Amino acid sequence: MTTSAARSEVAGGGVALRGAFCGIAAAGLFGLSAPVAKLLLPESGPLMLAGLLYLGAGVALSLVLSARHGESPGEAPLTWSDAPLLGTIVATGGVLGPVLMLVGLTRVSGVAGSLLLNLEAPFTILVAVGVFREHLGRRERLGVAVIVVGSVLLGWRSGSVTGNGIGVFALAAACACWAVDNNLTQRLSVRDPVALVRFKTLASGVTNLLLALAAGAKLPALTVILPALLLGAASYGLSIVLDTYALRLVGAAREAAYFATAPFFGALAAVPLLGESVAALELTVGGVMACGVGILLRARHGHRHQHDVVMHEHSHAHDEHHAHTHAVPVASGELHSHLH
């Protein structure tokens, strides 16, 4: 059945808090992957490492789904109608994005690379607002502008235009790919997040591995494969599942604000892991970006809006917005999914 009527509502505080937790936890796990991946790159190469990272995530999530007998309780399954979005998500977020990021990381320092990944936030917000018509207030627009200014300053950190310029461009292009991926994933976030991310990571992992082998790359030693698989399980598998929940709960524009903290986790980890020092310019740029992230995090989504009548399927419990009956009774508060 369809929803009974269009209605107005404001975002709940509990939902916003859960979205913030999922977004920041996802950011922390993903941010740590940048300096660790930089350690693994010399023995693997960008395509091979991207394949191993995503394959580790896909295998881990397959084990989770297997333990649950192929589905998450109360979640809506993926359908064939999702195929076009899934294909685009895999191409942009699972293949182009990671490869461009890893190429970029070979041409900039770990600290600079981690901070440049802040561009994902403003790119995601611009796509969410400009293409998908999400609401963005003045405070959020200011935060986007501050982060972009910091990223531009970071791109000028060295006089070596050739090397660092290519690295900066590759990382910016990776963030643009992830911006598209984030917004399309938000469209599918009503589906089972574990099944969605499992499909994305397995497809991305296999594609990147095949591309690497076709280009003449060889599988690295087990001392590289095993850490890459484990890193992928945490920083790509669990991280992306948590991020998908954040997309569902707060939308792509606000998820980007929380995920913008990822580069700061990476920048901090790069110092002990890579033995890098933080220069005065990087500290300044980091401070500018931190101000932008802070502005975004302090923004509140409280305007009233309407949801039009539409046939859809998503995980829900019976409440004031989902008051309907079933042939087989469903307990109050129990999560379930069906067309309605």
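Mentor: We shall take the overall fold, the core, the surface and the cysteines in turn. Please keep in mind that this is a predicted model.

Trainee: How many helices and strands does the protein have?

Mentor: The protein has 12 helices and two strands. Read from the N terminus, the order is β-α-α-α-α-α-α-α-α-α-α-α-α-β.

Trainee: What share of the contacts joins residues at least 24 apart in sequence?

Mentor: Among contacts between residues at least 6 apart in sequence, the share is 89%.

Trainee: How should I think about the interior, and how much of this protein is buried?

Mentor: The general idea is that nonpolar side chains in soluble globular proteins tend to be buried together. In this case, 49% of the 340 residues count as buried. The largest nonpolar core has 47 residues, and those that touch the most other members are Phe30, Leu49, Met101, Leu102, Trp178 and Tyr236. Among the elements that give two or more residues to this core are helix H1 (13–31), helix H4 (83–105), helix H8 (161–188) and helix H10 (222–259). H10 gives the most, with 10 residues.

Trainee: Which residues does Phe30 touch?

Mentor: Leaving aside residues up to four places away in sequence, Phe30 touches Met101, Trp178, Ser235, Tyr236, Ser239, Phe259 and Ala262. There is also a second, separate core of 21 residues, including Ala121, Ala253, Ala256 and Ala257.

Trainee: Let us turn to the surface. Which residues form a nonpolar patch there?

Mentor: Val206, Leu210, Leu213 and Leu219 form such a patch, with about 390 Å² of accessible area together. Consider Leu213, which lies in helix H9. Its relative accessible area is 46%, so Leu213 is classed as partly exposed. The protein as a whole exposes about 15,400 Å², and carbon and sulfur atoms supply 68% of that area.

Trainee: Finally, how many disulfides are found in the whole structure?

Mentor: To read this feature, one looks at the distance between cysteine sulfur atoms, with a cut-off of 2.5 Å. A search of the whole structure finds zero disulfides. Cys175, for example, is in no disulfide, and the nearest cysteine sulfur, that of Cys177, is 9.3 Å away.

Trainee: Is Cys175 buried or exposed?

Mentor: Cys175 counts as buried because its relative accessibility is 0%. Cys22 has a relative accessibility of 11% and therefore counts as buried. The cut-off in this reasoning is 20% relative accessible area, under which a residue is called buried.

Technical notes: Residues numbered from 1 in each chain as written. Predicted model: local features only at pLDDT ≥ 70, side-chain atom pairs only at ≥ 80, totals over all residues. Heavy atoms only, no water. Core = buried A, V, L, I, M, F, W, Y, C linked by side-chain atoms within 4.5 Å. Buried < 20%, exposed > 50% of the residue type's maximum accessible area, 1.4 Å probe, protein only. Helix = DSSP H or I, 4+ residues; strand = E, 2+ residues; numbered from the N terminus. Contact = heavy atoms within 4.5 Å. Patch = residues over 30% accessible without salt bridge, like charges linked within 9 Å, V, L, I, M, F, W, Y side chains within 5 Å. Areas by Shrake-Rupley, 256 points an atom, 1.4 Å probe, with all protein chains shown as cover. Salt bridge = Lys/Arg side-chain N within 4 Å of Asp/Glu carboxyl O.
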